[in-house]
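Here is a short briefing on one protein model. Please look over the sequence and structure first, then read the points below.

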Amino acid sequence: MNVSYFPGCTLKNKAIDLDRFARESAEVLGVTLEEIENWQCCGGVFTTARDEVATKLSSVRALAEAKKKNRPLVTVCSACHNVIKQTNHAMQTDAEFSSKVNRYIAPEEYDGSAEVLHYLELLRDVIGFDRIKEKTVKPFRGKKIAAYYGCLLLRPGSVMKMDDVENPKIMEDFIRAIGGEPVVYPFRNECCGGYVTMESPEFAAKKSADVTRSAASAGAEIIVTACPLCRYNLVKNGSPVPVVYFTELLAEALGIKEDTDEKID
């Protein structure tokens with residue numbers, strides 16, 4: 001099975017290994033991530049101003065390309081996923097916005113009908129967690145793993161529609177599929193402070209510390225996140241336990257990631 005793939009800027013630069021793990025893991029599971037040609041940065045944040053069109057055009061073009069090939073558009077970064085999914089929703093529900101966008105990209109047109117999937121949804125809804133369990137060769141038996149959702153993966157719930165915003169389970173089910181023991185803790189849905197780092201590094205550090213200390217106090221030995229920017233922020237601000245990306249865990253479980261500097265003991 002082939003799907004269209006939007007890697008995003010971070011996974012092409014600072015987090016290139018996380019992109020590699022995503023691609024190689026997908027191949028083991030029978031899916032090829034076919035990178036969209038000439039993709040551009042999603043902008044990193046979805047601006048809510050209805051007359052702001054230019055920053056959303058890269059997302060529209062990626063969506064249109066996936067639609068042309070009649071494939072779902074898969075993202076791995078939560079920030080990219082949030083921007084693309086919200087842009088697609090705006091194309092579906094806001095006629096004025098859609099009209100402006102289509103005037104920009106004319107003679108091409110896009111109607112908002114592409115399917116947008118986060119890689120976690122690909123694992124759950126297309127591949128299936130049972131299949132992942134079957135393919136796992138190095139299960140994380142006995143390892144207590146805390147899922148960190150952050151603020152972008154699930155919100156706004158009416159648009160993202162990935163899981164219950166207040167009581168999600170998609171990452172916990174993923175952890176079980178690779179043999180780990182999920183740890184549920186109070187701050188798993190809270191913001192890490194990444195978007196205010198430049199304005200108030202002290203506040204951002206406090207937000208990150210709240211998350212990592214909450215997970216550690218609940219018994220977590222590892223924190224896993226689906227946002228490379230969250231991972232960077234939590235690590236930068238001194239997590240008491242290792243913080244890893246979910247594709248790292250997947251690659252390790254499938255036997256792809258071995259003897260690397262990031263290996264989880």
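A disulfide is a pair of cysteine sulfur atoms within 2.5 Å. By that cut-off, a search of the whole structure finds 0 disulfides. The model is predicted. Its chain averages a pLDDT of 93, and 97% of the residues score at least 70. Over residues 259–265, the pLDDT is below 50. That stretch has 13 contacts in the model beyond near neighbours in sequence.

- Cys 9 is in no disulfide. Its nearest cysteine sulfur belongs to Cys 41 and is 3.6 Å away.
- Cys 9 is partly exposed, with a relative accessible area of 31%.
- The closest cysteine sulfur to that of Cys 192 is in Cys 230, at 3.9 Å. This is too far for a bond.
- Cys 192 counts as buried, at 5% relative accessibility.

**Nonpolar cores**

- In soluble globular proteins, nonpolar side chains tend to be buried together.
- The largest nonpolar core here has 72 residues. Leu 33, Tyr 119, Leu 123, Phe 174 and Phe 246 touch the most other members.
- Leaving aside neighbours within four places in sequence, Leu 123 is in contact with Leu 29, Gly 128, Phe 129, Ile 132, Phe 174, Phe 246 and Leu 250.
- A second, separate core holds 14 residues, including Tyr 148, Cys 192, Ile 223 and Cys 227.

- An open sheet of 4 strands runs in the order 6-5-7-8, with parallel pairing.
- Strand 6 (181–183) and strand 8 (243–245) stand at the edges. Each has a single partner strand, so one side of each is left without a neighbour in the sheet.
- On average, neighbouring strands of this sheet are turned by 40 degrees against each other, direction ignored.
- Strand 5 (residues 144–148) and strand 7 (residues 222–225) run parallel and are joined by 4 bridges. Ala 146 has Ile 223 of strand 7 as its bridge partner.
- Helix 10 (residues 228–236) packs on the sheet and touches strand 5, strand 7 and strand 8. Its direction makes about 165 degrees with that of strand 8.
- Helix 11 (residues 246–253) also packs on the sheet, touching strand 5, strand 7 and strand 8. The direction of helix 11 makes about 75 degrees with that of strand 8.

**Glu 121**

- Is Glu 121 buried or exposed? Glu 121 is buried, because its relative accessible area of 5% is under the 20% cut-off.
- Glu 121 sits in helix 5 (residues 119–127).
- Beyond its neighbours within four places in sequence, its contacts include His 81, Lys 161, Met 162 and Ile 170.
- Glu 121 and Met 171 are 50 residues apart along the chain. Their C-alpha atoms are separated by 9.9 Å.

**Backbone exceptions**

- Most residues other than glycine have a negative phi, and most peptide bonds are trans.
- The peptide bond from Ala 106 to Pro 107 is cis, with omega near 10 degrees. Pro 107 lies in the loop between helix 4 (95–105) and strand 4 (116–118).
- Another cis peptide bond joins Arg 155 and Pro 156, with omega about -5 degrees. Pro 156 is in the loop between strand 5 and helix 7 (157–160).
- Asn 38 has a positive phi, near 60 degrees. This residue is in the loop between strand 2 (32–35) and helix 2 (57–68). Asn 38 is exposed, with a relative accessible area of 74%.
- Lys 161 has a positive phi of about 50 degrees. Lys 161 lies in the loop between helix 7 and helix 8 (170–177). Lys 161 is exposed, at 63% relative accessible area.

Notes
Residues are numbered from 1 along each chain as its sequence is written. This is a predicted model: local features need pLDDT of at least 70, side-chain atom pairs count only at pLDDT 80 or more; totals for chains, interfaces and linings use all residues. Side-chain values use heavy atoms; hydrogens and water are left out. A nonpolar core is a set of buried Ala, Val, Leu, Ile, Met, Phe, Trp, Tyr and Cys residues joined through side-chain atoms within 4.5 Å. Buried means under 20% relative accessible area, exposed over 50%, partly exposed in between (1.4 Å probe, protein chains only). Contact means heavy atoms within 4.5 Å. Two strands pair if DSSP finds at least two bridges between them. Helices (H or I, at least four residues) and strands (E, at least two) are DSSP runs, numbered from the N terminus. Axes are lines fitted to C-alpha atoms, for helices over the stretch in contact, and angles run from 0 to 180 degrees between N-to-C directions. pLDDT is the predictor's confidence in each residue, from 0 to 100.
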